[in-house]
Each structure stands twice: as C-alpha cells, then as structure tokens.
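This report looks at how one protein chain is folded and where open space is left in it. Have the sequence and the 3D view ready.

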Amino acid sequence: MKSLVISVDLGEPDYQAHAEEFLMLASGAGADIVEVLTARRSRPDAAGFIGSGKIEEAAALVKATGAEVVLFDQALTPAQQRNLERRFEVRVVDRVALILDIFALRAKSHEGKLQVELAQLQHLSTRLTRMWTHLERQRGGIGVRGPGESQLETDRRLIGVRVRALKERLDRVQRQRLTQRRARVRGKTLSVSLVGYTNAGKSTLFNALTRADAYAADQLFATLDTTTRRVWIEGAGQVVVSDTVGFIRSLPPMLIAAFRATLEETVHADLLLHVIDAASPQRDEQIAAVNQVLRDIGAHEIPQILVYNKIDTAGYAPRVERNEHGTIARVFVSALQRSGLDGLRQSIVEFGGEPTGNNACDETVQPE
C-alpha cells in the first residue's frame, strides 16, 4: 500500500534511531513508502501534532504521490488523528496502531491472537467517534441526536462485551500456566528466559541453544509467541529455556497489559539472558528500553546476564567477562555462527544451583 511517512523530530538526541526504527516497522507491515516528510517541533500541536503549515505540506504530498495511508511515527490522540484524516482524506495510522497491526500479522498461536485482539479493541474503543463522522453534522438536531449516540453506545457496549470475554479466556490460559509452573517448582528445574530488544537475535540464539526451529528473520517483531523448550546442559541438568517477544522503546502500555500472560515467562524466570545486538550503534539505548519494560512488568530484580550477540558483524571475539565478584556478567556470542555458546552454557551452569522457585511454564500451552 502506498504510504506517506510523517516523521516528527521533537529534539530528542536519539531521533535518528527512532526515525529509522519506524521505517523498519512500516516496511515490516508491508508499506510501500513513497515519501518521508520530516517535521521539527519543540512540542506537539494539540489539534494536529505537526501544525497547520506541515499539515498543508503533507496534504499536498498525499495528492501528489497518490498515498493511500499516512503513517505517523508518534502516538496521536483520537482528536489529532480525526483532524488529520479529515484534512488528508486518507487513513492515518499512528505508531501504536502500526505496532498493533504488525502484532496482528505475526501472532500465530491462539493465545497470541487473543492478546492482539484485546489490545486492538482497547485502542479502538478510544477512537470510535471517527467511524461515525457522517453523524456529526446531525449532532444537536431535533429528532436525530438519539440515533447517533445510540449507535456509538452500542458499539462501545459490544466492544466491552468482547473485551471481557477475551480477558476471561486469557485468565484461563494464565491459570493453566500457574498449574504448570507449580509443577516446575516441585521439580526444581532451572528456568531461563531470553529477553532483548526486537531484532537482537533472540530466536536465532534460542534455536542454537535448544536445537529448536523457532522462526527467525532480520525484521522487527519476527516472532511474537513465546516458545519454551527443555534442554540438557552438562553441569546444570534439565533447563527450561523460553524465547519471549522482543521489546521496543516506548512500547504501548496496552501491549504490555495485553501480553502480560506471555511476558510472565519472563517474570517467573530464575535467570534472564538479556540478548543485545552488539553491532547496533543504539545498543545502550536499547538496553535501557528493555530494562524499562522489565521494570514495568515486575521482572527487574531477576538476575541478568548480558549476551552480546552478532559479534561476527561487530568484529568482536567470543569471550566471557566477569564482574568484581567473579561472576559471569557478559557473554559475547554469534548465534548465527554458533560461536561463544560454550561460554554461555558455562554461565548458566555457574548460575545453576538451586532455582529460586520462580519457574516458568512448561511446553506450549493449548488454551481452551
């Protein structure tokens, strides 16, 4: 679909990385980007975010390029989105909606699809009025005010009913996970979760560690559904390893809430392997973004080992680094070339010992 991208520079030091990341998101969603318009603002405009001058410039570009949708790299309020759509006369998709669209495209498991639908409905519920602009001219007129309000209230009620049903189904999945987790605690099995910024190579590393075949690709949010496998590591015994959804800066709160059941794989792990793209110039910002999400979901106090992946691209040699206490704190690996994995296994063995009792679930859960 022909897409015009509007990128807004609010004076943040990492703007360029933010802009490039959004272009990757747009491409991952299947957008055919015909033009990128950059707008510089000290603060967002309340009515249209980018101000009237840039809105007119964008409207002209929409007509000139034949763009069918405008992609906005910031989160818009319902009023801002509605105003922009009226002026552009095409659909406007903000950053949150684009991420939701990618999640809907990539979710494969029944649970993942339920979580995406829940997040989409919660996002849509704040934007219902834009679906009924044909009634706005009648608002306040004698004899026509009621039907418009009635239709909107009906939509809100139906969305509310569906949201409750989705939450109930996800609660059942959560109870299933809890039952399996208790069995893990009794079995004293070490639980390890791979976390990291999206496209850091978690799934490739997961496959290398467990000899699994989880989908991996060079794109943002290549995999969304948590995959869990048992693996035998000499010196540590049976270990449960989970590959979780990738994180991203400013992850929409509704996504964190909707994916809480899946992210519990992380919350209840004994050890986190924080996978980092060693070749990324924004790796420090990405580490901070992941740690912020871990704080949001209550997993920030779980022990971490930093795993610097893609050393073949970054030009590093495989090695392990220890902290002042002699504990392995950083491991340098190439999951693609499967180098440095012995050091990673050794870090798991050294951590080993008795699990904390925060064990993650068993193999893939089949919801009711």
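This is a predicted model: local features need pLDDT of at least 70, side-chain atom pairs count only at pLDDT 80 or more; totals for chains, interfaces and linings use all residues.

Strands of a sheet pair through backbone hydrogen bonds, either parallel or antiparallel. Here, 4 strands form an open sheet in the order β2-β1-β3-β4, and the pairing is parallel. At the edges are β2 (32-40) and β4, each of which pairs on one side only. On average, neighbouring strands of this sheet are turned by 25° against each other, direction ignored. Between β3 and β4 the parallel pairing runs over 3 bridges. V70 has V92, in β4, as its bridge partner.

| Helix | Residues | Lies across | Angle |
|---|---|---|---|
| α1 | residues 15-28 | β1 (2-9), β2 and β3 | about 160° to β1 |
| α2 | residues 51-65 | β1, β2 and β3 | about 170° to β2 |

**The largest pocket.** Rolling a probe the size of a water molecule over the atoms shows where empty space is left. The largest pocket holds about 500 Å³ of space. It is lined by 24 residues, of which R91, V93, A97, L98 and D101 are the closest to its centre. Which elements each supply at least two residues of the lining? They are β3 (69-72), β4 (91-93), α4 (95-106) and α5 (110-124). The largest share, 5 residues, comes from α5. By type, the lining of the largest pocket consists of 13 nonpolar, 5 polar and 6 charged residues.

Notes. Residues are numbered from 1 along each chain as its sequence is written. Side-chain values use heavy atoms; hydrogens and water are left out. On a 1 Å grid over the protein atoms alone, a cavity is a set of points where a 1.4 Å probe fits but cannot get out, and a pocket is an open set with protein on both sides within 12 Å along at least five of seven lines; lining residues have an atom within 4 Å of a point. Grid points are joined across faces, edges and corners, and a volume is the space filled by probe spheres set on the points. Ala, Val, Leu, Ile, Met, Phe, Trp, Tyr, Cys and Pro count as nonpolar, Asp, Glu, Lys and Arg as charged, and the others, Gly among them, as polar. Two strands pair if DSSP finds at least two bridges between them. Axes are lines fitted to C-alpha atoms, for helices over the stretch in contact, and angles run from 0 to 180 degrees between N-to-C directions. Contact means heavy atoms within 4.5 Å.
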